[in-house]
Structures are given as C-alpha cells and as structure tokens.
Amino acid sequence: MPPQVRLHQILDWDSPQQNAGLRRELAAGLLQPQAYIAPKFFYDALGSRLFEAITELPEYYPTRTEAAIFIEHLPAIRQALGEDFTLIDLGCGSCVKAGKLFHAGVLPTRYVAVDISVDFLRDSLQHLQRELPAIEMMGIGLDFTHELQLPDELPPERRMFFYPGSSIGNFSPPEAGLFLQRLAAQMDSSGGLLIGVDLIKDHALLDAAYDDQLGVTAAFNRNLLRHVNARLDADFDIGDWQHVAFYNAVETRIEMYLKARRALSASWPDAAGRSLRHFAAGERIHTENSYKYSPQGFTALLASAGFADIQLWTDPRAWFALFFARRAG
Ligand SMILES: C[S@@+](CC[C@H](N)C(=O)[O-])C[C@H]1O[C@@H](n2cnc3c(N)ncnc32)[C@H](O)[C@@H]1O
C-alpha cells in the first residue's frame, strides 16, 4: 500500500469566507480602468495541465534550459544544498522538477510541495510519493501571495526553498524583493533558496516563447476566463477574447493580455445585484507580467532581500540562470 501524502489545505475555494475574498479580488481587478486578473487565477486543474503542455513547446525554452543547467551543475547544486534538509517547492505544479532532482540523487529528508492548484497538487504529490516512498512528503495548498504559513511541525533548520521556472518574474521587482524577504524570514542561517530566473535576451525569442504557433499559450491565457466564470459566476464568452503577448523592452518584461474582439459586456453577481463591466472593441485585460533580469540585477535583488553567499549557474547562451543563496547572518 503506497504511503498517503499529507495535505494541509490552507486555501479552500469552497470556504465561503475565502471564496468571498477571492471574488472581491477578482471583481476589483476587473473594475479597474486597466482591467486586471492576477496570474494565480490561471491555475485551475486545466490551467495546470495547459502549463505542463507549454513546457513541451519548442518555443518555450525556459523549462528545458533550466533542466540542462541542473544536469550540467548537479554536483555544485548538491554541494550547495548539503545533507539533511527540507526542500520546500513553491508553486510545485507537477512536482516533476523536484522529482528529477531526487532521481539524480539530490535527496532531502523531507519534501514540502506548495501550490494554489490544490487538486493538481494532490495528484502530482501522490504520484511522486509512490515513486519515492522513502522521502517524507507533505503538500500545502495555499496562495503564497497572501500568506506563506508553514506548519509548526516543520523544523526551522535547513529549510531550502525551491522556486524554479522563473515564477518570481510574475512579481514586479519591488514585489519580488518583498517576497524574497518573506522567504528569508522563514529560514534560519542554515537555510537557503534555489531559484530559477529568466534572463533578458533577444526579443524575438521572448515573443515566441509566450505566443507559440500551436496556440497552447493562447489556450492557457483564455482558460483564465473559464476559471473566472466558475469562481465569480461571471459570463465571459471565451470566443470574444484574443491572446496578446509581447516583450516590453523598457520594463524588461513580457506582458500578456486578453483583448476583446468586439465591444462587449461581462457581468457577475454582487451584493447589490450585478456588477457590469463594459469593454470597448480592442480593450485588453492584463493577465500576466513576466519580468526578465540580468544576472547582476537579480544578484542585487537577492542581496537586498537578506541573502548572501550567492552562487549563479547559467547555460552556455546565458538564456536562464539558477541561483543559490543563503540567508545572510
Ligand atoms: C509557471 S508554473 C511553474 C510550475 C513548476 N514549478 C515549474 O517550474 O515548471 C507556476 C506554478 O505556481 C503555482 N502558483 C501560481 N501562483 C501561486 C500562488 N499565488 N500561490 C501558490 N502557488 C501558485 C501554479 O499553480 C503553478 O503550479
């Protein structure tokens, strides 16, 4: 009988109180002059699967470039992490990246998988636990933009946070600095952070990575409205919305939007009856930023957030970087 993984479900979409908070957050973003939906809403179960499909696309270089860095620099990564540690995987998704590390012999004592997409997290972690029954595993379903509450039972020593895939790029640099500070506050001086960061590069490569020929990223972006309809009881017609993604060189970020193909309205119930948002033809909902960094820029961000002993590994084309840093002091 395979061991059952423990799941702490801090985020519970079915809790009336939490659901009301998430609905308020969604509605507030949609009613802004520049309508906005936070990227965390991409990840219902289908969104999580669509993201996995994105990682297979020829245009989406981050996943395979990061994987190549792991293989090339495995001995140094193993040495940085050391022995007897807890690996805390932030936004673990399919848990495949952690699984590859484990199969390559980088073995934590304990693996803690954190994700907002709770059903997908449960299935992914159960699968990994069956493959590797010797590692103690625990899932935490939470929204880490609101809180990053680790269970008291986790030892404070040797906490190694793992944040691959350049998800840190979804935060603006000041927000990323605050998030990194929150991580530093969750560890003692024996803890560390292993983080993947996408680097500034040729614009055409970046544009293609977020607007692939097959339209998988477009489906991922448009699926957001399916999720919003389910969460907010809204009536967005997905066929009315077009995927838009481009690199903004001034801000060094990919911007992703959904653009209205025609003038239209969307509505959802609220305390007073129904909220209505009108969109002009061509008007856009902002759905994601993905900031790109220089190695120096991200090193400085880590240092200012309370990290030291910063190590950096990159690929031969310097498309992607993996950093390891310890908590300063
Ligand atoms: C871009 S995917 C990366 C998945 C995987 N770590 C990788 O590198 O391929 C982002 C992951 O973070 C999760 N996520 C996004 N926002 C989150 C939030 N606010 N709290 C917790 N998890 C979040 C998503 O569900 C998804 O699994």
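Biologist: How many salt bridges are counted between domain 1 and domain 2?

Modeller: This is a predicted model, and between domain 1 and domain 2 the count is one salt bridge. The side chains of Lys40 and Asp143 meet in a salt bridge, with 2.7 Å from N to O; this pair counts because the rule asks for a side-chain nitrogen of Lys or Arg within 4 Å of a carboxyl oxygen of Asp or Glu.

Biologist: Which residues belong to domain 1 and which to domain 2?

Modeller: The domain assignment gives 34-54 + 203-291 to domain 1, and 55-202 + 292-327 to domain 2. The C-alpha centres of these two domains lie 26 Å apart, and 31 residues of domain 1 are in contact with 25 residues of domain 2.

Biologist: How should I read the area buried between domain 1 and domain 2, and what is it here?

Modeller: In general, the size of an interface is often given as the accessible area lost when the parts come together. Here about 2500 Å² is buried between domain 1 and domain 2, and carbon and sulfur atoms give 57% of that area. On the side of domain 1, the residues that lose the most area to domain 2 are Lys40, Leu205 and Tyr291, which together make up 29% of what that side buries.

Biologist: How many residue pairs are in polar contact between domain 1 and domain 2, and which elements give two or more residues to the side of domain 1 that touches domain 2?

Modeller: The count is 22 residue pairs in polar contact, with both residues at pLDDT 80 or more. The elements giving two or more residues to that side of domain 1 are α2 (45-54), α8 (203-209), α9 (216-232), β8 (253-260) and β11 (284-291). Helix α2 gives the most, with seven residues, and by class the side of domain 1 that touches domain 2 has 17 nonpolar, seven polar and seven charged residues.

Biologist: What kind of aromatic pair do Tyr43 and Phe220 form?

Modeller: A pair of aromatic rings is described by the distance of the centres and the angle of the planes. The count for the structure comes to 21 aromatic pairs. Tyr43 and Phe220 form an edge-to-face pair, at 5.7 Å centre to centre and with 65° between the planes. Tyr43 lies in the loop between α1 (16-30) and α2, while Phe220 is in helix α9, so that the pair links parts of the chain 177 residues apart.

Biologist: How many salt bridges does the structure hold?

Modeller: The structure holds 14 salt bridges. Among them, Asp233 forms one with Arg23, the closest N and O atoms being 3.1 Å apart. This pair also links distant parts of the chain, with Asp233 in the loop between α9 and β7 (241-248) and Arg23 in helix α1, 210 residues apart.

Notes
Residues are numbered from 1 along each chain as its sequence is written. This is a predicted model: local features need pLDDT of at least 70, side-chain atom pairs count only at pLDDT 80 or more; totals for chains, interfaces and linings use all residues. Side-chain values use heavy atoms; hydrogens and water are left out. Domain bounds come from an automatic or database domain assignment. Contact means heavy atoms within 4.5 Å. Buried area is the accessible area (1.4 Å probe) that two parts lose on being put together, summed over both. A polar contact is a pair of N or O atoms within 3.5 Å; within protein, one must be able to donate a hydrogen and the other to accept it, and residues adjacent in sequence count only if both atoms are side-chain atoms. Helices (H or I, at least four residues) and strands (E, at least two) are DSSP runs, numbered from the N terminus. Ala, Val, Leu, Ile, Met, Phe, Trp, Tyr, Cys and Pro count as nonpolar, Asp, Glu, Lys and Arg as charged, and the others, Gly among them, as polar. Rings of Phe, Tyr and Trp (its six-membered ring) pair if their centres lie within 6.5 Å; planes under 30 degrees apart count as stacked, over 60 as edge-to-face and the rest as tilted.
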